[in-house]
Amino acid sequence: MDPVVILGGGLAGLSAAHFLSQPWHLVEKSDRVGGLIKTEVLDGCAFDATGHWLHLRDAEVRQLVDTVWLPGQLVVHQRRAAIYSRGVFTRFPYQVNTHGLPPDVVAENLIGFIDATLGEKGRALREREPRNFAEFILRHMGEGFAKNFMLPYNRKLWTVDPAELSAAWCGRFVPRPTLKEVVDGALGVGSDALGYNATFLYPREGGIEALARAMLRHLKGGEVSVGVEPVAVDWRARRVSLSDGRSLVYKRLLSTISLPGLVRLLARGGAGVPDEVQDAAGRLRATTVTYVCVAVRGRNRQPWHWIYLPEPEFTTYRIGSPSAVWAPLAPPDTSTFSVEYSHHGELSTAQAEKVALEDLVRAQMIHGVEDVLFARAREIPHAYVLYDDAYGPARDTILRFLEHAGILTAGRYGNWEYSSMEDAILSGRAAARRLPG
Ligand SMILES: Cc1cc2nc3c(=O)[nH]c(=O)nc-3n(C[C@H](O)[C@H](O)[C@H](O)COP(=O)(O)OP(=O)(O)OC[C@H]3O[C@@H](n4cnc5c(N)ncnc54)[C@H](O)[C@@H]3O)c2cc1C
């Protein structure tokens, strides 16, 4: 019987293979599976592709992780995250922890919040759905929080003005506090347990890639090809041509590679794709993230697992510290950092490495550059997909065509969305369940 061919061996592809009840063949272009959850070891220091902290909401996935994939391996961590702004650290989320900031900033945040949520000034925005992400921020948090954190931070993360993005991706990712939480936070009597990531899970050994390796070990009923990539897909002939000269005829194709990448492969196949689909693929945009892996002699200067930096004088939007979360990720007496930059390909490796050290020192995360052991930049070519005006119509056009061509998609880039590791597992499962044996 022809197999289901799965393109891509990240979490979505591995999950699809796990849940399929018919023969499958997974094709992964990199030398090993895992996708974004690969862990790289540099001079004894383990780095994920920036912080990859696990949150599990689905009972079936939780049970699989706990009993099959990583039994006894997951450690629960209480988030220790901060914002570095105006020269001080305040706990994350910013909106409920403003105590410690200069009093005029606290007052501006508080008054803006009251105006937006209760006052006359915010009425117009309260009476309709936010038209974009900037309006969402103003509607739910007010002018102070917008000016002092949300707008500058999000401009750096997304590389565009929040007014150019929709609020469609926010969902559970952006905490929306109550007045009591905001007031308590201004007075320093609040809790920082707000938001979807107040606690998280992380493997005891092997970095986050331990999850991908465990999933691979438990796969049954199919074949995995790594180090080979599709060069064309003919959707009428149901055939994938591979870079090693092989052709795979499939029963169904399930793609977890990026949506524009899939359209390119289809365009090269005999059946082609309509022009409007190619045009739509050309309109999908994503940021590139460069993260600089840094190791420093000595223990962590700060307790924070990661910090957010809203101010424009820092080029980075976030600095994480693997060694602060889980000391075994670095050798004794060494601290490690992952310094993140979002851009569109204009940041060179050398430039990122230089700026990362400056940002680490200026943000008081390290004492000085003399203790730095190394700084090595890595790139995630499409990291955050942009929910701009073109997004919805372009994505719908492509998905409609794929439906017609009998191709299923799953995962963060397969579905072209903002989503988590668990979401990737869930979407692989959902796609597999659309293909009963
Ligand atoms: C900076 C950053 C930080 C994140 N932090 C977190 C976090 O803390 N917690 C969390 O839950 N989630 C986090 N995520 C999200 C998480 O990484 C993803 O949701 C998840 O790993 C996506 O899995 P995937 O299988 O959909 O995609 P991917 O991991 O991208 O897998 C796709 C696979 O397809 C392969 N591939 C690509 N093109 C081809 C081709 N042409 N042929 C064959 N194979 C191909 C790739 O090599 C890759 O292995 C983060 C994401 C980013 C970008």
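At what angle do the axes of helix 1 and helix 7 cross? In this predicted model, the two axes cross at roughly 25 degrees and come within 10 Å of each other. Because angles under 35 degrees count as roughly parallel, helix 1 is described as roughly parallel to helix 7.

**Helix 1 and helix 7**

- Helix 7 covers residues 209-217, and helix 1 covers residues 11-19.
- The crossing in which helix 1 passes helix 7 is left-handed.
- On the side of helix 1, the contact is formed by Leu 11, Leu 14 and His 18, and on the side of helix 7 by Ala 212, Met 215 and Leu 216.
- Five residues of this contact are nonpolar and one is polar, while no charged residue takes part.

**Domains**

- The domain assignment of the protein gives domain 1, domain 2 and domain 3.
- Domain 1 is made up of the segments 4-37, 53-72, 205-282 and 387-433.
- Domain 2 runs over residues 97-187, and domain 3 over residues 286-385.
- The centres of domain 1 and domain 2, taken over C-alpha atoms, are separated by 36 Å.

**Surroundings of the ligand**

- The ligand is surrounded by 38 residues, of which the closest are Gly 8, Gly 10, Gly 35, Gly 411 and Ser 420.
- Both domain 1 and domain 3 contribute residues to the shell around the ligand, and the ligand therefore lies between these two domains.
- At least two residues of the shell come from each of helix 1, strand 2 (24-28), strand 18 (372-385) and helix 13 (421-433).
- Helix 13 provides the largest share of the shell, with four residues.

**Features of the backbone**

- A cis peptide bond leads from Phe 92 to Pro 93, with omega near -5 degrees.
- Pro 93 is placed in the loop between strand 7 (88-91) and helix 3 (103-117).
- Arg 86 is not a glycine, yet its phi is positive, at about 55 degrees.
- The loop that holds Arg 86 lies between strand 6 (81-85) and strand 7.

Methods
Residues are numbered from 1 along each chain as its sequence is written. This is a predicted model: local features need pLDDT of at least 70, side-chain atom pairs count only at pLDDT 80 or more; totals for chains, interfaces and linings use all residues. A residue is near a molecule or strand if its C-beta atom, placed from the backbone, lies within 6 Å of it. Domain bounds come from an automatic or database domain assignment. Axes are lines fitted to C-alpha atoms, for helices over the stretch in contact, and angles run from 0 to 180 degrees between N-to-C directions. Angles under 35 degrees count as roughly parallel, over 145 as roughly antiparallel, 65 to 115 as roughly perpendicular and the rest as oblique. A crossing is left-handed if the near helix is turned anticlockwise from the far one by less than a right angle, and right-handed if clockwise. Two residues are in contact if their C-beta atoms, placed from the backbone, lie within 7 Å. Ala, Val, Leu, Ile, Met, Phe, Trp, Tyr, Cys and Pro count as nonpolar, Asp, Glu, Lys and Arg as charged, and the others, Gly among them, as polar.
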